[in-house]
Amino acid sequence: MDSGKLKIFSGSSNPKLAEKICQELGVKLGQIKLSRFKSGEIYCHYEETIRNCDVFLVQTFSHPINEHLMELLVMMDAAKRASARTINLILPYYGYSRQERKAAPREPISAKLVADLLTTAGADRVMTIDLHAPAIQGFFNIPVDHLTALDLLSDYIKKKNLNDLVVVSPDAGGVTRAENLANILQAPIAMMFKKRYRHNEAVVTHVIGDVEGRTPVIIEDLIDTGTTIVNVVEGLKERGANDVFILATHPVFSGPALQRLDHPNIREVIITDSIAIPEDHSERFQVLTVAGLLSEAVRIIMDGGSLSSLFKYGGV
């Protein structure tokens, strides 16, 4: 790997993750100045040369998502005008991914809009983890490296050595994800049916599969407000299940989600640091780092290797 031509810079969304990636790679985090004018406009200045360098920008679309998206676009424009050789985006959490299709007339497909913005601004490559809908890769006309935290999350659960597990998909859309985890854990699978009344609010109506007397492992790509997850947990308890483990890649955690998930029937919430969460969280939360996964992907890209080696149990 030509570390002299590799430059990694962080936006303001998750600088600790960017630092961990750099530590794994043995390179220094690039110096960049990000500030705001009184009007709220974003200013960016690279404080070291990036001419003819492969620039990697680390930015996750956490709250405030629109601020972080615009900041990334400004960073990309500055890099392009500073003659960077390539502009590569490390987006651990790809925002607007839940708006990947029209579910009703006169709605936007915002995931495609974001893809167009990033491509137009000058991105040469996008690296992300556990997209809400894998088809979003097709919204780009540039390479998209779709990584998964499934290996990381499943290894954590396997170390528990529990023999009464049942993997639960909270909805029909997550069945493939749950199937992959069930195959890894060699456990049965169950699926919840929900009635959704509005965004971030759903009620469990049916459960397919045997959960009575078993320890459910709920797998999700992201947790937002926590309302749906808590409803799923309570629905499982009503059907005789044991206390629950929750696995999720992206802790979006809007509003009082942390407090909601500190629930007596939840044994652990296992998440990654794709999005930074407050350090004073409950001991119920276990945070696994994706820095090793992302740094190894950067190394492989720079060396011209194959990313398939990162998928221990198969890709997504």
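User: What makes I21 and F56 contacts of I8?

Analyst: Contact means heavy atoms within 4.5 Å. Leaving aside neighbours within four places in sequence, I8 is in contact with I21, C22, L25, V27, K28, L29, G30, F56 and V58. This is a predicted model, in which local features need pLDDT of at least 70, side-chain atom pairs count only at pLDDT 80 or more, and totals for chains, interfaces and linings use all residues. Residues are numbered from 1 along each chain as its sequence is written, and side-chain values use heavy atoms, with hydrogens and water left out.

User: Why is I8 called buried?

Analyst: Buried means under 20% relative accessible area, exposed over 50%, and partly exposed in between (1.4 Å probe, protein chains only). I8 has a relative accessible area of 1%, so I8 is buried.

User: Why does S110 count as buried?

Analyst: The relative accessibility of S110 is 7%, which is why S110 counts as buried. Leaving aside neighbours within four places in sequence, S110 is in contact with Y96 and Q99.

User: Why are α2 and α3 called roughly parallel to each other?

Analyst: Helix α2 (residues 65-81) and α3 pack at an angle of about 20 degrees, with their axes 9 Å apart. Angles under 35 degrees count as roughly parallel, over 145 as roughly antiparallel, 65 to 115 as roughly perpendicular and the rest as oblique. α2 and α3 are therefore roughly parallel. On the α2 side, the contact is made by L69, L72, L73, M76 and K80; on the α3 side, by V114, L117, L118, T120 and A121.

Terms used
Axes fitted to C-alpha atoms, helices over the stretch in contact; angles between N-to-C directions. Helix = DSSP H or I, 4+ residues; strand = E, 2+ residues; numbered from the N terminus.
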